[in-house]
Amino acid sequence: MNSERVGINWIAVMVLGLAVHSACNHPAPPAGAGGPGQPSAGAACDLPTSIAGSREELAWRLFVAANCKTRTGRLTWETWTTQACLNNPDDCTGKRLHGSVLAAANAHTLTPDHPKRTAGCQNMTTSATADPSLKQLVPGNLSAAPVFCEEVTINAAEKAYAQHNGLLTTTGQGTFLQSGKTIDFPSGAVEVKADWVPASSFQGVTIDCSKPNPAVYQEIIDGTCYALTGVHVTSKLFPNWLWATFEPQNPQTNPNRCRPDLYNACNDPWGSAPATSTGAATAASPALAALFQAAGAALAPSFQNYRLTGVQTEYSDPIASAGVLGSSFVEFNANVPAHQASCITCHSYALYDITKAPKGVNPNGGPFPGGAPVGQPTPPPGAAWKPLDFSWFLGFGVPTK
Ligand code: HEC
């Protein structure tokens, strides 16, 4: 990290420190963990409300808090609002798992209120469907018709802001943006996108929820046992959010983890020893081991086998991969081409053309044709495009009205 970046980060830390401090005077409703009767894991299970330590440490604190079990036995983020539940009461309890809207975007089949938002799981990337850049990386152990499933959730702080400003429909977003206001989620906003896979997607892989698996977190959902293969976590503690993604060190389900010929090598100077890796398992650093220990029984032991792929808070991150950051499971199965994944850049294109309301959302689900997928974003094709504050959830996760 050069000294200029350190300077910029310090300013951001100071400004945000003030913002977070004033936000603390008006606490958001509890997000799920830490209430009465829950496993007592202290601060490790509370979502961080300010920036302390490195960005990697913050990413881990978010990951651990979001995955702590609540007293109902569900993971904290599983108690948050899912996109499908917004106008489909059935989806709020059962029917949690859905397809990838991003995959629909890459297949150029995306529309506002896309059926994938509420439909079932979807096909994994296979040699028949892979982008040419991904073909040689398709796992060799897939079954004939492999599927994966996705859940997208927002925490209470994010939902409250969106609800208060009428942003949970694309019609409401149009009204808000046409009035000249800017969407700016509060610093407590957190989103989680999780990917699950059933054993039937593989040959020779057992995913048995009757036995704890130390390699990967497993859970029975709608009667089927799934493994949790990818977790995206974002936090508005930084102006352009903090972007982080985690994968289990489990070659059976995540054989391409940390591969620089796919998206990027893993780099986590806070939590991983060694910090940089290209697919081999690493040890948890003493600092990370202490965080796991502080979470105690609230954090399923299998989460100790997850590793952080990398973080971004600026378009130039991660410096080592020249801005490329993606999950070998989530983005791979959405068919994002090799070396073309950048969380922060792709989400910067979550834009809304206020002249086209209520169907103003950028239908590309990513860059406009010819736009940069990684690094500094290409400006939108006109002044009518207004930001949705990096949230594709607003763009594609909500109904029209
Ligand atoms: C090529 C574009 C693209 C890339 C790269 C990308 N995303 Fe997304 N992401 C999307 C789209 C489109 C959605 C919304 C639809 C969906 O649920 O898949 C989304 C959804 C999400 C969500 C759910 C909430 C929301 O804002 O929609 C999170 C959290 C998220 N992404 C984080 C990440 C992280 C972290 C990375 C990098 C490791 C990343 N994304 C990379 C396009 C992208």
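A residue is called buried if 20 or more other C-beta atoms lie within 10 Å of its own, exposed if 12 or fewer do, and partly exposed in between, with the C-beta atoms placed from the backbone. Helices (H or I, at least four residues) and strands (E, at least two) are DSSP runs, numbered from the N terminus. The model is predicted, so that local features need pLDDT of at least 70 and side-chain atom pairs count only at pLDDT 80 or more, while totals for chains, interfaces and linings use all residues. Residues are numbered from 1 along each chain as its sequence is written.

**Exercise 1.** Determine how strand β12 is placed in the structure, and which strand pairs with β12.

Solution. Begin with burial: seven of the seven residues of β12 (residues 306-312) are buried, so this strand is largely enclosed by the rest of the structure. Next, consider pairing, for which DSSP must find at least two bridges between two strands. Strand β7 (residues 242-248) pairs with β12 in the antiparallel sense, over six bridges. Finally, within this pair, Trp 243 stands opposite Gln 312 of β12.

**Exercise 2.** Work out how the buried and exposed residues of helix α6 are arranged, and what covers the buried ones.

Solution. In α6 (residues 286-295), the buried residues are Leu 288, Leu 291 and Ala 295. They cover an arc of only 55 degrees around the axis, which puts them on the same side of α6; the arc is that of the directions from the helix axis to the C-beta atoms. The face turned away from this buried side carries the exposed residues Pro 286, Ala 290 and Gln 293. The cover over the buried residues of α6 includes α2 and β11 (283-284). Just after α6, Gly 296 takes a positive phi of about 60 degrees.

Notes
Two residues are in contact if their C-beta atoms, placed from the backbone, lie within 7 Å.
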